[in-house]
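Thanks for coming. I have one structure to go through today, so please look at it while I talk.

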Amino acid sequence: FYAMLQDQPYNFLFFDARGHHESDGCLFGYQALQDYCSCEYLDIRAAIDYINSYNTEHNLSQTIILHGICSG
């Protein structure tokens, strides 16, 4: 995605949402299915917190597009 968008006038943060509760998780077994995507919101929240902190630290008011990659 980065190579495709690097020359665009946008700011991006690409992150890997854990999706399976861990990025290297699997869907085999009842527990894995039960926990599927149960922590993904934490990754999205962490990405937003990171951007807010970074923009504050560097005195930026630019908007940014977050793009998460996970199992879906």
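**One salt bridge**

Searching the whole structure turns up one salt bridge, meaning a side-chain nitrogen of Lys or Arg within 4 Å of a carboxyl oxygen of Asp or Glu. Before the details, some conditions: this is a predicted model, in which local features need pLDDT of at least 70 and side-chain atom pairs count only at pLDDT 80 or more, while totals for chains, interfaces and linings use all residues. Residues are numbered from 1 along each chain as its sequence is written, and side-chain values use heavy atoms, with hydrogens and water left out.

The pair is R45 and D49, with 2.5 Å between the closest N and O atoms. Where do R45 and D49 sit? Both are in helix α3, residues 40-57, four residues apart, which means about one helical turn separates them. Helices here are DSSP runs of H or I, at least four residues, and strands are runs of E, at least two, numbered from the N terminus.

On accessibility, R45 is partly exposed at 43% relative accessible area, and D49 is also partly exposed, at 38%. The cut-offs are under 20% for buried, over 50% for exposed and in between for partly exposed, with a 1.4 Å probe and protein chains only.

Now the protein as a whole. It has three helices and two strands, in the order α-β-α-α-β along the sequence. Of its 72 residues, 15% are buried. Taking contacts (heavy atoms within 4.5 Å) between residues at least 6 apart in sequence, 58% join residues at least 24 apart.
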